[in-house]
Amino acid sequence: MKRLLALLLAVGGLAAAAPVAGAADATDTVPAPQPILIKLGDTPLVQLSDGGGGLPYLGSTTSYNAGALTQVLTQYHDSGVYDAELAQIDAVAARWISGERHQRAIAGRKHGSKARARARAAHHGGGDRRGGQKWWNKKQAIVFDVDETVLSNYSAIVADGFVYGPKSQAEAVDEIGVAIKPSLDLYKLARSKGITVFFITGRPEAQRAPTEDNLKREGFTDYQQAILKPAGFTGTTVAYKSGARAAIEQQGYHIVASVGDQYSDLAGGHEDRAFKLPNPFYYLP
């Protein structure tokens, strides 16, 4: 046990020593890979947080190289491994938001107790008054990205041979998105608990009508707002999406969770917890 603790501390030291962006920019950038500790069977294993710096593990039982990724990616999707990995992360998010509702109820109790003090200290040091309210008195919200988070565009991805081809470029206007079931279940759970839903997508504002039609057709019918990228916006994805979350907070919401498939969906703060879904099909900074 002592040796495992020492290894954990050493990994923490390696992460602290790794080169990063300036402190002011740390939450606004995609994180550089950091040493993390996982287990390989019963053996503690230190690797980089990007999967060890190698090709993504896609559930294959045979060897493959970069040239074979199209075949392996297809197998990854069709075998059910992709669906299972999506469900793993969405299940953690579901447990988180369920626990958040409980913590909020405890934090809002009128009479003091150790449980109330712990609950109130669980966020932002317990004294968060952004917008003039403490966090437990604010309306709760959850934020979802759209593509490969709540809607799968896999039919276009595979038709284009896993490049950004014409099918993928037309996926929004063609309304090909199919609900990702674990994310739809998470959305329904959030709504059942009175948590307000927002969507923040990198799709341009000009694609609002087909985007909202596609969401509603696939079961996402009861949400507060779908936020699309304004025409002429030239900033980064992180600046756009974190700014949109900040604007939601200014409306009096406390964002308990943010769910996306890209680091750029989630970086920049303004959320209690971020949940990154797997997406080995493409990367967006």
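A: Let's begin with I176, found in the loop between α7 and β5 (178–179). This is a predicted model, in which local features need pLDDT of at least 70, side-chain atom pairs count only at pLDDT 80 or more, and totals for chains, interfaces and linings use all residues. Residues are numbered from 1 along each chain as its sequence is written, and side-chain values use heavy atoms, with hydrogens and water left out. The element names follow DSSP runs numbered from the N terminus: helices are H or I runs of at least four residues, strands are E runs of at least two.

I176 counts as partly exposed, because its relative accessibility is 23%; buried means under 20% relative accessible area, exposed over 50%, and partly exposed in between, with a 1.4 Å probe and protein chains only. Setting aside neighbours within four places in sequence, I176 is in contact with S152, N153, S155, A156, E171, N214 and R217, where contact means heavy atoms within 4.5 Å.

A pocket here is an open set of points on a 1 Å grid over the protein atoms alone, with protein on both sides within 12 Å along at least five of seven lines, while a cavity is a set of points where a 1.4 Å probe fits but cannot get out; lining residues have an atom within 4 Å of a point. The volume of the second largest pocket is about 600 Å³, taken as the space filled by probe spheres set on the grid points, which are joined across faces, edges and corners. Its lining draws at least two residues each from α6 (166–169), α7 (171–174), β6 (196–204), α10 and α11 (263–266), and β6 gives the largest share, 4 residues. By type, the lining divides into 10 nonpolar, 8 polar and 9 charged residues; Ala, Val, Leu, Ile, Met, Phe, Trp, Tyr, Cys and Pro count as nonpolar, Asp, Glu, Lys and Arg as charged, and the others, Gly among them, as polar.

The helix α10 (237–250) turns up again in the lining of the largest cavity, along with β3 (139–144) and β8 (253–260), each giving two or more residues. That cavity holds about 30 Å³ of space, and its lining consists of V143, F144, D145, I200, K241, R245, S258, V259 and D265. These residues divide into 4 nonpolar, 1 polar and 4 charged.

Now for the aromatic rings, of which the structure holds 12 pairs. Rings of Phe, Tyr and Trp (its six-membered ring) pair if their centres lie within 6.5 Å; planes under 30 degrees apart are stacked, over 60 edge-to-face, and the rest tilted. Y76 and Y82 form a tilted pair, because their planes meet at 50 degrees, with centres 5.6 Å apart. The rings of Y82 and F281 are edge-to-face, because their planes are at 80 degrees, with centres 5.2 Å apart. Y82 lies in helix α3 (residues 81–107) and F281 in the segment after β9 (273–276), so this pair ties together parts 199 residues apart in sequence. Both Y82, at 2% relative accessible area, and F281, at 8%, are buried. Ring pairs link Y76, Y82, Y154, F162 and F281 into a cluster.
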